[in-house]
Amino acid sequence: MMRNLRFTDWVFVAVAAAMVVVGALTLFRPSSGPAHSAHQRVAPADLVPAAHSDGLSEAESGYRFERVTTPSTRGPAVPVAFRILGPDGQPETLFLDNQTKQVHFFAVRDDMHVFQHVHPTLVGDTWHTTLALTDGGAYRMFAEFVPLDTKDPRHPVVLGVPFSVPGDTTLVPVPAPAAEAVTDTGFTVTRVDEPAQPTPMRPQTLRFAIRTPDGAPVRALDPHLGAYGHMTGFHTMLLSATHLHPVEPLGTPLVNGELSFQAVFADRGEYRLFLEFAHGGKTHTAAVTVAVT
């Protein structure tokens, strides 16, 4: 019977045998084991994350923000508690490290005058933290994390929910786009990249030159969250969040006191960018407004 097989039959037999071999190799190939840090799975440095308007909803990618304790009063340490529910509806308590933290938590007022970045502590299945909210107004809070099974470790999931603090509020206009900002500790941060107005949906590297209070370029920075700096941006109208990725790895000398971040902005409009860096044992924060056109 084998001598009566046509040529096409022989081709079919050969392809089937090859598929069996490939399947067996795949089945018995040793696993590399689970990754515990987003940095272990980061794409090459020349790749940037896709643009997203993050934090516009309390639900994203199957995850949901569940309020437990929502800020409703003023104070220097207002308690916040929440759960992150996974696709199965159960609380999630383990994520990949994202700049050394499993969860980054932000709160911004709608005029961008108040900005908080803290790192909640897990108690049971609930995340707890406090916020310094010394003035009233309309706010939005964001929980940022990288799921263990993510296919895109450079893009965290960001869940956002609004809240308000009652009472008189001193609203402050969002500063116009400008290249320079001064921290409350006297450091000057100047944006030195071009073009000054980025284009939506296109990757761009933003560069910031940092000067000490006496005007000298910063020659070295302390490690901060596993890098030389951390930056998050918020659309001033939409109140969406944009995560920017640091370029210089720790141990790399700073050229002209500059820090670089990879960015992709999803929407046109103005963004308020908050740069955090450590120097002299203290964390400093500079805020810069960027127009995306």
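Let me start with a definition: helices (H or I, at least four residues) and strands (E, at least two) are DSSP runs, numbered from the N terminus. In those terms, Met-237 is located in the loop between β13 (230–235) and β14 (241–246). I shall return to that residue later.

First, the basis of the talk. What you see is a predicted model, in which local features need pLDDT of at least 70, side-chain atom pairs count only at pLDDT 80 or more, and totals for chains, interfaces and linings use all residues. Residues are numbered from 1 along each chain as its sequence is written, and side-chain values use heavy atoms, with hydrogens and water left out.

The confidence score, pLDDT, is the predictor's confidence in each residue, from 0 to 100. The protein chain has an average pLDDT of 85, and 82% of the residues score at least 70. Residues 1–47, however, have a pLDDT below 50, and beyond near neighbours in sequence this stretch has 28 contacts in the model. A contact here means heavy atoms within 4.5 Å.

Now the overall architecture. The protein chain contains one helix and 17 strands. Among its contacts with a separation of 6 or more, 66% are between residues 24 or more positions apart. Of the 293 residues, 44% are buried; buried means under 20% relative accessible area, exposed over 50%, and partly exposed in between (1.4 Å probe, protein chains only). The chain exposes about 14,900 Å², with carbon and sulfur atoms supplying 58% of that area. Accessible areas come from the Shrake-Rupley method with a 1.4 Å probe, and for residues only the protein chains shown count as cover.

I turn next to one of the sheets. Five strands form an open sheet in the order β1-β2-β3-β7-β6, and their pairing is antiparallel. Its edge strands are β1 and β6 (121–123), each of which pairs on one side only. Two strands are said to pair if DSSP finds at least two bridges between them. Strand β1 (residues 59–60) runs antiparallel to β2 and is joined to it by two bridges, with Glu-60 opposite Tyr-63 in β2. These two strands form a hairpin with two residues between them, and Ser-61 in the turn has a positive phi of about 55°. On the pairing of β2 with β3, the sense is again antiparallel, over five bridges. Here Arg-67 stands opposite Phe-82 in β3, and a hairpin of five residues connects β2 to β3.

How many salt bridges does a search of the whole structure find? The search finds eight, where a salt bridge is a side-chain nitrogen of Lys or Arg within 4 Å of a carboxyl oxygen of Asp or Glu.

In one, the side chains of Arg-67 and Glu-58 meet at 3.1 Å, N to O. Both partners are partly exposed: Glu-58 at 29% relative accessibility and Arg-67 at 39%.

Another joins Arg-74 to Asp-135, with the closest N and O atoms 3.5 Å apart. Arg-74 lies in the loop between β2 (63–69) and β3 (75–85), and Asp-135 in the loop between β7 (126–133) and β8 (137–145), so this pair ties together parts that are 61 residues apart in sequence. Arg-74 is partly exposed at 37%, whereas Asp-135 is buried at 14%.

In the next, the closest N and O atoms of Glu-258 and Arg-207 are 2.6 Å apart. Because Glu-258 lies in strand β15 (residues 258–263) and Arg-207 in strand β12 (residues 204–211), the pair ties together parts that are 51 residues apart in sequence. Glu-258 is buried, at 16%, and Arg-207 is partly exposed, at 30%. Shared partners also link salt bridges into one network of Arg-74, Arg-109, Asp-111 and Asp-135.

Finally, the surface, and the residue with which I began. Leu-56, Met-237 and Leu-238 make a nonpolar surface patch of about 330 Å². Patches are made of residues with over 30% relative accessible area and no salt bridge; like charges are joined within 9 Å, and nonpolar side chains (Val, Leu, Ile, Met, Phe, Trp, Tyr) within 5 Å. Is Met-237 buried or exposed? At 71% relative accessibility, Met-237 counts as exposed. Thank you for your attention.
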